[in-house]
Amino acid sequence: MRGTWSPNHIRSAARRGAETRHVDVEKEKETHNYLSKEEIKEKVHKYNSAVTDKLKMTLNSNGIYTGFIKVQMELCKPAQPSPEPSSGGCMNTLHISSTNTVGEVIEALLRKFLVTESPTKFALYKRCHREDQVYACKLSDREHPLYLRLVAGPRTDTLSFVLREHEIGEWEAFSLPELQNFLRILDKEEDEQLQSLKRRYTAYRQKLEEALGEVWKPG
């Protein structure tokens with residue numbers, strides 16, 4: 001038994017699960033506006049000219065570039081004991097390639113801090129600052145953080161990265177097929193309850209009309 005579930009919890013879980021996966025699929029369909037080698041060369045040069053902390057990017061002859069990203073570690077639980085500093089709220093610098101995906105970056109960060117939990121329990125967010133407002137957006141596993149860093153430039157007040165644990169609810173212990181099956185069962189039970197309620201009130205209405213008929217029957 002995985003806990004007590006109300007119909008509303010299961011309905012919400014199933015729909016949220018389906019919606020989340022739909023969004024993920026749509027994100028995977030999106031394609032980056034990939035740059036030509038000349039555009040990459042120009043942007044890398046511009047990026048390096050604006051760098052103030054010596055963390056420059058390096059462009060290889062094959063068009064792949066390497067560089068550094070800084071990631072704020074906002075983990076609810078402390079990392080396993082390690083020679084590294086505590087990961088709770090610290091800033092970590094990671095050297096990556098333009099081919100590295102968000103999923104690979106998450107795995108690299110967890111390895112560095114000896115976090116033994118599954119990478120699927122974590123998400124990488126990009127944090128943007130616009131007009132004195134801060135916006136956080138979860139990145140899909142197939143996005144490329146170094147590409148985002150290159151396009152945004154080196155300033156972390158324009159774009160920064162944050163690693164967080166998923167806000168996992170009880171329902172996430174179930175797979176999507178399980179949740180969809182629960183939803184079908186609930187739909188069937190709901191229909192049966194509605195039909196039973198309609199029959200009950202129909203019978204009640206008939207009795208009430210019969211009683212009223214007796215009262216108003218001419219003597």
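Among contacts (heavy atoms within 4.5 Å) between residues at least 6 apart in the sequence of the protein chain, 65% join residues at least 24 apart. This is a predicted model, in which local features need pLDDT of at least 70 and side-chain atom pairs count only at pLDDT 80 or more, while totals for chains, interfaces and linings use all residues. Residues are numbered from 1 along each chain as its sequence is written, and side-chain values use heavy atoms, with hydrogens and water left out.

The protein chain has five helices and six strands. Both kinds of element are DSSP runs numbered from the N terminus: helices are H or I runs of at least four residues, and strands are E runs of at least two. Read from the N terminus, the order is α-α-β-β-β-α-β-β-α-β-α. Of the 219 residues in the chain, 31% are buried. Here buried means under 20% relative accessible area, exposed means over 50%, and partly exposed is in between, with a 1.4 Å probe and protein chains only. The accessible surface of the chain is about 15,200 Å², and carbon and sulfur atoms account for 51% of that surface. Such areas come from the Shrake-Rupley method with a 1.4 Å probe, and for residues only the protein chains shown count as cover.

Helix 4 (residues 145–152) is a mostly covered element, with six of its eight residues buried. These are P145, L146, Y147, L148, R149 and L150. The cover over them includes helix 2 (37–50), helix 3 (102–112), strand 2 (65–74), strand 3 (91–97), strand 4 and strand 6 (159–165). Just after helix 4 comes G153, which takes a positive phi of about 95°.

L110 is placed in helix 3. Is L110 buried or exposed? Its relative accessible area is 3%, so L110 counts as buried. Apart from neighbours within four places in sequence, L110 is in contact with V115, E117, P119, F122 and L163. F122 is 12 residues from L110 along the chain, and the C-alpha atoms of the two are separated by 9.3 Å.

Strand 4 (residues 122–130) and strand 5 (residues 133–138) run antiparallel and are joined by six bridges. Two strands are taken to pair if DSSP finds at least two bridges between them. Within this pairing, K126 stands opposite C137 in strand 5. The hairpin of strand 4 and strand 5 has two residues between the strands, and E131 takes a positive phi near 50° there.

The next topic is charge. Side chains of opposite charge can pair when their charged atoms come close. A salt bridge is counted when a side-chain nitrogen of Lys or Arg is within 4 Å of a carboxyl oxygen of Asp or Glu. How many salt bridges does a search of the whole structure find? The search finds six. One of them is formed by E74 and R127, whose closest N and O atoms are 3.0 Å apart. This pair links distant parts of the chain, with E74 in strand 2 and R127 in strand 4, 53 residues apart. E74 is partly exposed, at 29% relative accessibility. The side chain of E74 also meets that of R164 in a salt bridge, at 3.1 Å from N to O. R164 lies in strand 6 and E74 in strand 2, so this pair ties together parts that are 90 residues apart in sequence. R164 has a relative accessible area of 25% and is therefore partly exposed.

Helix 5 (residues 176–215) holds another such pair. E209 and R205 both lie in helix 5, four residues apart, which is about one turn of the helix. Their salt bridge has its closest N and O atoms 3.9 Å apart. E209 is partly exposed, with a relative accessible area of 46%, whereas R205 is exposed, at 54%. Elsewhere, salt bridges that share partners join E74, R127 and R164 into one network.

L197 is also in helix 5. L197 is partly exposed because its relative accessible area is 40%. Together with Y201, Y204, L208, L212, V215 and W216, L197 forms a nonpolar patch on the surface, with about 840 Å² of accessible area in total. Patches are made of residues with over 30% relative accessible area and no salt bridge, where like charges are joined within 9 Å and nonpolar side chains (Val, Leu, Ile, Met, Phe, Trp, Tyr) within 5 Å.
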